[in-house]
Amino acid sequence: MRQLIITAIINHNLQSRDYWHYLEGSHDRSERHDQICAGLHRMTDDMLLAVYQRTLLDNPVLIVNVDEDGKYADVYLPRSKYYGGMVADGSIHT
């Protein structure tokens, strides 16, 4: 089930123009994308579910970084045009 959720999040990111715009700012887009994917695999189950639920909302998040413990992610909200930090309960702090 985890792999299905991770795949859905990755597909959501790949379909987003904002995600590609974010990657264009990276020195190596492929490496940055791989780092984000690896971060998704580190996420705790609660965090992964919270991120997945946010991708289904009107203002979905794009994951741009995940901490080593998998309990916190830096996210970008393209419609609101701001970055924040997301925790496992789904709340985002700026």
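**A histidine and its surroundings**

Histidine 33 has a relative accessible area of 17% and therefore counts as buried, since the cut-off for that class is under 20%. The model is a predicted one. Histidine 33 lies in helix α3, which covers residues 29-42. Leaving aside residues up to four places away in sequence, histidine 33 touches Ile10, Leu14, Tyr19 and Leu23. Methionine 1 is 32 residues from histidine 33 along the chain, and the C-alpha atoms of the two are separated by 22 Å.

How does the helix that holds this histidine pack against α1? Helix α1 spans residues 2-14, and its axis runs 10 Å from that of α3, at an angle of about 150°. Because that angle is over 145 degrees, α1 is roughly antiparallel to α3. The crossing of α1 with α3 is right-handed. On the α1 side the contact is made by Arg2, Gln3, Ile6, Ile9, Ile10, Asn13 and Leu14, and on the α3 side by His33, Ile36, Cys37, Leu40 and His41. By class, the residues of this contact are seven nonpolar, four polar and one charged.

Helix α2, residues 17-24, also packs on α3: the axes come within 9 Å and cross at roughly 120°. An angle of that kind makes α2 oblique to α3. The α2 helix passes α3 in a right-handed crossing. Here Tyr19, Tyr22, Leu23 and Glu24 of α2 meet Arg29, Arg32, His33 and Ile36 of α3. The residues of the α2 contact with α3 divide into four nonpolar, one polar and three charged.

The next topic is the aromatic rings. A pair of such rings is described by the distance of the centres and the angle of the planes. How many aromatic pairs are there in this model? The count comes to two. In one of them, tyrosine 19 and tryptophan 20 have ring centres 6.2 Å apart and planes at 75°, so this pair is edge-to-face; the class requires planes over 60 degrees apart. Tyrosine 19 is buried, because its relative accessibility is 1%. Tryptophan 20, at 36% relative accessibility, is partly exposed. Tyrosine 19 is also one of the residues that histidine 33 touches.

Tyrosine 76 and tyrosine 83 also form an aromatic pair, with 4.6 Å from centre to centre and 40° between the planes, and this pair is tilted. Tyrosine 76 has a relative accessibility of 13% and so counts as buried. Tyrosine 83 is partly exposed, at 48%.

The last stop is a loop. Lysine 81 is found between strands β2 (72-77) and β3 (82-87). Is lysine 81 buried or exposed? With a relative accessible area of 60%, lysine 81 is exposed, because the cut-off for that class is over 50%. Lysine 81 is not a glycine, yet has a positive phi of about 60°.

Technical notes:
Residues are numbered from 1 along each chain as its sequence is written. This is a predicted model: local features need pLDDT of at least 70, side-chain atom pairs count only at pLDDT 80 or more; totals for chains, interfaces and linings use all residues. Side-chain values use heavy atoms; hydrogens and water are left out. Helices (H or I, at least four residues) and strands (E, at least two) are DSSP runs, numbered from the N terminus. Buried means under 20% relative accessible area, exposed over 50%, partly exposed in between (1.4 Å probe, protein chains only). Contact means heavy atoms within 4.5 Å. Axes are lines fitted to C-alpha atoms, for helices over the stretch in contact, and angles run from 0 to 180 degrees between N-to-C directions. Angles under 35 degrees count as roughly parallel, over 145 as roughly antiparallel, 65 to 115 as roughly perpendicular and the rest as oblique. A crossing is left-handed if the near helix is turned anticlockwise from the far one by less than a right angle, and right-handed if clockwise. Ala, Val, Leu, Ile, Met, Phe, Trp, Tyr, Cys and Pro count as nonpolar, Asp, Glu, Lys and Arg as charged, and the others, Gly among them, as polar. Rings of Phe, Tyr and Trp (its six-membered ring) pair if their centres lie within 6.5 Å; planes under 30 degrees apart count as stacked, over 60 as edge-to-face and the rest as tilted.
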